[in-house]
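The sequence and structure come before the points.

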Amino acid sequence: MEAELKNKEFDEETKILNKLSHRDIKATSTRVLVLKTMIRAGCALSIGDLEEALETVDKSTIFRTLTLFHEHRLVHCIDDGSGSLKYAVCQDDCDCSLEKEHVHFYCERCHKTYCFEGLSIPRIILPKNFKTNEANFVFKGVCKNCSER
Ligand SMILES: [Zn+2]
Ligand SMILES: [Zn+2]
Ligand SMILES: [Zn+2]
């Protein structure tokens, strides 16, 4: 049982190190910790959420780490209208282009924001001479966890 648990932790660590090197990011203990927390959360996290989850890391370090992750396209940003930007880990084949943009869902009860990686956002033809750089497609409502309660 214990050995099984150790193996799981080992697998998680390997996965995290691979994700960092895939995006050309040098692994440091803080970066590993932040990424691990984001993966384990299973939903998008704000800087405040991470600060709460990581008592040993201060806010400016979290901010710097997220900025680096974002620059290297390891994470993407979501403006869910809650007032604080949220960050979620990108899938390995994501290049954060408009084509890879997916639908997000904001739960009005638990205030969690989910990535629906499999649902790409609809293509919309904008009026002439308007050029899109990014798009936010956020649905709001009640998530699976909250509606089962
Ligand atoms: Zn991405
Ligand atoms: Zn919810
Ligand atoms: Zn997402």
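1. Among the contacts in the protein chain with a separation of 6 or more, 52% are between residues 24 or more positions apart. Two residues are in contact if their C-beta atoms, placed from the backbone, lie within 7 Å. The model is predicted: local features need pLDDT of at least 70, side-chain atom pairs count only at pLDDT 80 or more, and totals for chains, interfaces and linings use all residues. Residues are numbered from 1 along each chain as its sequence is written, while chains are lettered from A and ligands numbered from 1 in the order in which they are written.

2. The protein chain contains five helices and six strands, in the sequence pattern α-α-β-α-α-β-β-β-β-β-α. Helices (H or I, at least four residues) and strands (E, at least two) are DSSP runs, numbered from the N terminus.

3. Three strands form an open sheet in the order S1-S3-S2, with antiparallel pairing. Strand S1 (45–46) and strand S2 (75–78) each have a single partner strand and stand at the edges, so one side of each lacks a neighbour in the sheet. Two strands pair if DSSP finds at least two bridges between them. S2 and strand S3 (residues 86–89) are joined in the antiparallel sense by four bridges; valine 75 has valine 89 in S3 as its bridge partner.

4. Helix H2 (residues 29–41) lies across S1 and S3, and runs at about 90 degrees to S3. Axes are lines fitted to C-alpha atoms, for helices over the stretch in contact, and angles run from 0 to 180 degrees between N-to-C directions.

5. The C-alpha trace of the protein chain spans about 60 × 40 × 30 Å along its principal axes.
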